[in-house]
Each structure stands twice: as C-alpha cells, then as structure tokens.
Amino acid sequence: MRSLFSCLLLTALLFSLRLNATEKKLYQLDVTPLQAEPELARDFQALQEKFQVEALTNAEHEKRLAILEKVVRKKPDWLDGYSLMAAEAFFLGSSFTDPKDHPTARRYLEDGEKKINECLKQAPSNILCKFFKASLRAKIASIDGIFASLRYGQSVRDAWLEVVDSKLDMQFRPNVSLQGSVHYGLGLFFRLVPNFFLMDWIFHIRGNIDESIRYHRAAMKFDGDNPCYTLMLAVSLLCKVKGKSNTPEYTEAMSLLNAPMPKPIDVAQAVCVHDVPKIRNEPKKTCGYTQAKYQDDVKEEDLK
C-alpha cells in the first residue's frame, strides 16, 4: 500500500503546477479520490508512468478515461477529475490526423467539452477547466474551419489570456506544459484570426501576426524541445513576410526548419515533424496552416 501511495504522489507531482524561472505558482493536484480506489489507481499509475516516456495507444487513453469516469461518478465534485478527463479527450482527439477521421476526433473533443462544462458549472472560475474548455473548443475549430468558429473566438482568447495572467503552470508531458500550451495556442490564434476591423466590430477579436510570433517565442521558452512549437514559430515568421526570401523572418524560419527537430513523443508531434518539408517547400502558403488542414481565408466581404 505504501508503494501505491508513493506512485500516486508521483502522479500528483507529474501533474502538479510547478515553479520556474518565470515565477509561476505551485499548485498540487488533488488525487485523493483516485487514492480511494487502489486497483483503479494502480492501473492509472502504470499508464501514467508509460506516458512519460512514450505515446499511449488510443485503447490505453480510453482505459485511463474509463478509470477517471468511474471515480468521478462516485465523487462528482472532484474538479481535477474533470480536468484529467478533458486532457484524455484532447489527447484522443489529437491522435486522429487523417481528414477522414475528423468526425471521430470531433466526437472525442465534444465529449471532453461536456466533461469540462460540468467542472465549470460547479466552479466557473477554475483556471484549469477554463483552459481545457478553450483548448477543446479551439481544437474543434481547427477541424470545422475558422470562419465557422469565429463566434467562439472571444471566449477562447479570453480564457487563454486568463491562464497566462494566472501564473499557474502544469507539466502534462515531458515537453508539454500548461504555460507552453497556452502560449502556443495564442500564437495559433493570432495568426489564424484575420486582421481587419470588422473582426473587432462583429466578433470582438482580431489577428496580429506580431503577437503570434511573440507568443510562439514564449512557448518555446517553456517547452523548447517540442517540435510543434518550433514548427509553428517558423510558420508565423513566414506568414508575416508572405514567404518572401529576402527578409530576416524568412532566414530565421528556414534556420528553424533546417535544424534537427526535437524528437516527437506522440502522433500530434510526429505530424509537425512530418510537415516540416511541406512548410519549407511552400513558404508562401503558411498563414492558414494548422495540423488539421489549411484554413480558408476569411475575407472582409464575407462578413458584410
């Protein structure tokens, strides 16, 4: 029993919010409800330890999700349980990269959104639940398309900015942290949302490629060994100059793309590594790029 609780303590530490050079606040994840179910806790911990060194299969993510659902049914006020379920849903939704599998990915993401809505119903100001709500909604938007998802843009942006201001951090994977993820998300947001005044007027959001670059640079300070963060910084640099080769941004982007990429630790990161040649060979086709697909341009006349 002592070894089991030691493992659970490790789980809590691996999911805990950490202090670092940017003076982030420390938060201890509540694993007490999981500890109360020793067999489930043991199974969850075994998969957690594996997840720190390699990608889990979809079946293994499903097993973790089922474990958490069993515990939450007995302890419906376990807020961190909803966050963990949302994380599993996000990992599952992100594992389907072929467009033909987008309906399956979307189903997982929507299920995760339902779980996190329960957390927000109980605790509307919970930072982790706000983060996952925005992240799941943004991932769904990458599948549905930016134009179809503009009505959600303000709530996604505001939730992510609140996470940045909260000074909370959490290590989800060896190269995926809460602050790295939220800065990365904002980098994508400010590149993909169009930059013209009607966006502000109708949706109260507006793109800004310089902000995109700034947030991607910050993301790399948190998780510098994440290949997606490297790729997306290069994408935003190229987007700023429309792929023109005689610019400092182009030079920096190509330097990032030509250097050895950090090793991917899951399918989503492997896609980023796989797409490096695509971006390198089509530097003028970057402003609408996402892992899911190239987003269609949103033109001002579309909004009038």
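Modeller: The torsion about the S-S bond of Cys228 and Cys272 is about 100 degrees, so this disulfide is right-handed. A disulfide here is a pair of cysteine sulfur atoms within 2.5 Å. This is a predicted model, where local features need pLDDT of at least 70 and side-chain atom pairs count only at pLDDT 80 or more, while totals for chains, interfaces and linings use all residues. Residues are numbered from 1 along each chain as its sequence is written, and side-chain values use heavy atoms, with hydrogens and water left out.

Biologist: Where do Cys228 and Cys272 lie?

Modeller: Cys228 is in helix α13 and Cys272 in helix α15, so the pair ties together parts 44 residues apart in sequence. Helices are DSSP runs (H or I, at least four residues), numbered from the N terminus.

Biologist: Is Cys272 buried or exposed?

Modeller: Cys272 is buried, with a relative accessible area of 0%. Buried means under 20% relative accessible area, exposed over 50%, and partly exposed in between, with a 1.4 Å probe and protein chains only. Cys228, at 5%, also counts as buried.

Biologist: How many disulfides does a search of the whole structure find?

Modeller: Three. Another one joins Cys239 to Cys287, S to S 2.1 Å. Cys239 lies in helix α13 and Cys287 in the loop between α16 (276–281) and α17 (300–303), so that pair ties together parts 48 residues apart in sequence. Cys239 is buried at 6%, whereas Cys287 is partly exposed at 25%.

Biologist: And what about Cys119 and Cys129?

Modeller: They form a disulfide with sulfur atoms 1.9 Å apart. Cys119 is in helix α6 (residues 102–122) and Cys129 in helix α7, ten residues apart. Both are buried. Counting bonded cysteines along the chain, the pattern of the protein is 1-2, 3-5, 4-6.

Biologist: Which residues are closest to its centre?

Modeller: Of the 46 lining residues, the closest are Phe90, Ser94, Lys139, Tyr184 and Leu188. The largest share of the lining, eight residues, comes from α7.

Conventions: 1 Å grid on protein atoms, 1.4 Å probe; cavity = no way out; pocket = protein on both sides within 12 Å on 5 of 7 lines; lining within 4 Å. Helix = DSSP H or I, 4+ residues; strand = E, 2+ residues; numbered from the N terminus.
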